[in-house]
Amino acid sequence: MKTHHLAFPPLRRGPLTTLQVNLGYRCNQACSHCHVDAGPTRTEAMDGDTLSLIPKVLAARGLGCLDLTGGAPELHPQFRQLVVAARRLGVEVIDRCNLTILSEPGQEDLARFLAGQGVTVVASLPCYLAANVDLQRGSGVFARSIAALRQLNALGYGQPDGGPGLHLVYNPQGPALPPPQAQLEADYRRVLASEHGVVFTSLYALANMPIQRFASWLQARGQLEPYQELLQARHRSENLEQVMCRSLISVDWQGWLFDCDFNQQLGLAAAPPSRPRHHLRDLLVHDPAGDPIAVADHCFGCTAGGGSSCAGALSQPPSL
């Protein structure tokens with residue numbers, strides 16, 4: 001039986017706290033769940049003039065967090081310069097890191113740079129089992145990821161007594177919601193510590209969004225519509241208050257503004273149809289608090305079950 005179609009509820013922005021910037025689509029990996037279709041052959045990258053606006057916007061809006069993503073954001077030639085500029089403003093910098101970048105040629109000192117700047121690392125590790133990770137992200141990725149985590153641990157990351165934050169990201173293998181985050185985090189801690197000597201700060205359990213590469217994968221298997229119906233059926237209205245788009249704004253590699261990274265990939269700009277498209281430079285003078293948020297069916301991926309945001313589950317899902 002088909003799920004009755006439910007329109008996603010209207011939302012408006014709260015106070016802006018986080019600027020999430022996509023520095024470009026070049027990546028040393030091409031993961032099956034990647035919603036930006038990043039990979040080694042992509043050439044899109046933010047230009048210097050646009051990048052120079054970022055510290056100015058952080059200061060103008062009094063923001064506390066700069067969240068850097070890609071692709072592999074570390075491959076942008078001005079990545080380190082941007083990190084230093086933001087840290088000088090006292091802003092927390094998050095590096096959304098795929099871990100294998102730490103062992104790429106020319107990046108041998110990257111982990112030490114991140115630690116020296118006190119950068120928070122949010123690292124992709126979709127499972128604690130090698131076979132599952134390699135299936136989703138490529139042969140040998142799990143072993144390289146564990147080596148990177150050990151390197152970060154040695155620099156003070158993820159330690160129980162302090163040091164920079166090291167947050168791991170879990171994604172399901174296919175068209176299913178993540179299990180409860182707390183139990184999954186306990187499993188990650190047990191296996192990674194006992195088998196690999198790895199520690200971390202926390203685990204973020206994220207649902208896969210039915211867009212771009214993952215949507216194509218689902219469509220080819222006849223699973224796109226059932227997955228979309230699952231997300232809608234598991235919608236929980238209590239998650240609406242905590243979704244990331246209420247406090248975060250997403251910037252693409254050209255400087256255009258979107259309500260979240262997923263809207264960015266779908267071209268749903270952060271401005272109502274009656275107003276001009278917004279650019280990063282507009283944040284120098286415009287406070288987006290109270291602006292309407294562009295929503296569509298994929299947004300159910302953020303409110304289904306325990307909820308899903310850039311900082312993991314929003315709540316514990318109800319018992320089934």
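Why does Thr18 count as buried? Thr18 counts as buried because its relative accessibility is 13%, where buried means under 20% relative accessible area, exposed over 50% and partly exposed in between (1.4 Å probe, protein chains only). The structure is a predicted model, in which local features need pLDDT of at least 70, side-chain atom pairs count only at pLDDT 80 or more, and totals for chains, interfaces and linings use all residues. Residues are numbered from 1 along each chain as its sequence is written, and side-chain values use heavy atoms, with hydrogens and water left out.

Thr18 belongs to strand 2 (residues 18-22); helices (H or I, at least four residues) and strands (E, at least two) are DSSP runs numbered from the N terminus. With residues up to four places away in sequence set aside, Thr18 touches Cys65, Asp67, Ser247, Leu248 and Ile249, contact being defined as heavy atoms within 4.5 Å.

Asp259 is found in the loop between strand 9 (257-258) and helix 10 (261-266). Asp259 counts as buried because its relative accessibility is 1%. Beyond neighbours within four places in sequence, the contacts of Asp259 include Arg13, Cys245, Leu248, Pro292 and Ala294.

Polar contacts are pairs of N or O atoms within 3.5 Å; within protein, one atom must be able to donate a hydrogen and the other to accept it, and residues adjacent in sequence count only if both atoms are side-chain atoms. The table lists the polar pairs of these two residues.

| Side chain | Partner | Distance |
|---|---|---|
| Thr18 | Thr17, side chain | 3.3 Å |
| Asp259 | Arg13, side chain | 3.2 Å |

Helix 7 (residues 181-196) has 16 residues and reaches 21 Å from its first C-alpha to its last, close to the 22 Å expected at 1.5 Å a residue; the expected span is 1.5 Å times one less than the number of residues. Its buried residues are Gln181, Leu184, Glu185, Asp187, Tyr188, Val191, Leu192 and His196. They lie on the same side of helix 7 because they cover an arc of only 160° around the axis, the arc being that of the directions from the helix axis to the C-beta atoms. An α-helix has 3.6 residues a turn, so residues three or four places apart point the same way. Exposed Ala182 and Ser194 are carried on the face turned away from the buried side of helix 7. The cover over the buried residues of helix 7 includes helix 6 (141-154), strand 6 (166-170) and strand 7 (202-205). Just after helix 7, Gly197 has a positive phi of about 65°.

In helix 5 (residues 130-137), the buried residues are Val133, Gln136 and Arg137. Their arc of only 80° around the axis puts them on the same side of helix 5, and they pack against strand 5 (120-124) and helix 6. The face of helix 5 turned away from its buried side carries the exposed residues Ala131 and Leu135. Gly138 follows helix 5 with a positive phi near 120°.
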